[in-house]
Amino acid sequence: ECVSRAGLYVSASDHGDRSFSLALYNKAVELDPSSKDAWLGIGAILQDRGDLIGSSRAFSNAMSVDPCCWRVGLNVGNLAALSGD
């Protein structure tokens, strides 16, 4: 539920203030730490905010949940390109 709502708020804000979406994603991982989608959402928002360290941690958590997910790999690769790794 939190992940679905956060996704809707991200889509509606379209690069605006995503604080509420981030709060929902954080609540989702509090309730279910194995929520890959919530970790990906947190990582994407933090990356957009320029918090590459926080984004990396979130994507690492998503990777630990589902290491074979192509979306996780894509986000990790994009983050590496942004950070120059």
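Me: Why is lysine 27 called partly exposed?

Reply: Its relative accessible area is 37%. Buried means under 20%, exposed means over 50%, and partly exposed is what lies in between (1.4 Å probe, protein chains only). A value of 37% falls in that middle range, so lysine 27 is partly exposed. Before we go on, note that this is a predicted model, where local features need pLDDT of at least 70 and side-chain atom pairs count only at pLDDT 80 or more, while totals for chains, interfaces and linings use all residues. Residues are numbered from 1 along each chain as its sequence is written, and side-chain values use heavy atoms, with hydrogens and water left out.

Me: What makes glutamate 30 and lysine 27 a salt bridge?

Reply: The N to O distance between their side chains is 3.4 Å. The rule asks for a side-chain nitrogen of Lys or Arg within 4 Å of a carboxyl oxygen of Asp or Glu, so this pair qualifies. The two residues sit three apart in helix H2, so about one helical turn separates them. Glutamate 30 counts as exposed, because its relative accessibility is 57%.

Me: How many salt bridges does this rule give?

Reply: The count comes to four. One of them joins lysine 36 and aspartate 66, at 3.2 Å from N to O. Lysine 36 is in helix H3 and aspartate 66 is in the loop between H4 and H5, so this pair ties together parts that are 30 residues apart in sequence. Aspartate 66, at 24% relative accessibility, is partly exposed.

Me: Which residue forms a salt bridge with arginine 18?

Reply: That partner is aspartate 48, with the closest N and O atoms 2.8 Å apart. Arginine 18 belongs to the loop between helix H1 (2–13) and H2, and aspartate 48 to helix H3, so here too the pair ties together parts 30 residues apart in sequence. Aspartate 48 is partly exposed at 47%. Arginine 18 has a relative accessible area of 11%, so it is buried.

Me: What does the secondary structure come to?

Reply: There are five helices and zero strands. Helices (H or I, at least four residues) and strands (E, at least two) are DSSP runs, numbered from the N terminus. From the N terminus on, the elements run α-α-α-α-α.

Me: How do you know that the length of H5 agrees with its residue count?

Reply: The expected span is 1.5 Å times one less than the number of residues. For the 14 residues of H5 this gives 20 Å, and the end C-alpha atoms are 20 Å apart, so the two agree.

Me: Why are the buried residues of H5 said to line one face of the helix?

Reply: The buried residues in H5 are Val72, Asn75 and Leu79. Seen down the axis, they fall within an arc of 70° (taken from the directions from the axis to the C-beta atoms), so they line one face. On the other side of H5, Trp70 and Ala81 are exposed. H3 and H4 are among what covers the buried residues of H5.

Me: Which residues does asparagine 75 touch, not counting those up to four places away in sequence?

Reply: They are Leu40, Gln47 and Phe59, where contact means heavy atoms within 4.5 Å. The side chain of asparagine 75 also reaches the backbone oxygen of arginine 71 at 2.7 Å. Glutamine 47, in helix H3, is buried because its relative accessible area is 17%.

Me: What makes a nonpolar core, and which residues have the most contacts inside the largest one?

Reply: It is a set of buried Ala, Val, Leu, Ile, Met, Phe, Trp, Tyr and Cys residues joined through side-chain atoms within 4.5 Å. The largest has 16 residues, and Trp39 and Ile42 have the most contacts inside it. H2 (19–31), H3 (36–48), H4 (52–65) and H5 (70–83) each supply at least two of its residues. H3 gives the most, with six. Leaving aside neighbours within four places in sequence, isoleucine 42 is in contact with Leu22, Tyr25, Asn26, Val29 and Ala58.

Me: How much of the protein do buried residues make up?

Reply: They make up 34% of the 85 residues.

Definitions and conventions
A polar contact is a pair of N or O atoms within 3.5 Å; within protein, one must be able to donate a hydrogen and the other to accept it, and residues adjacent in sequence count only if both atoms are side-chain atoms.
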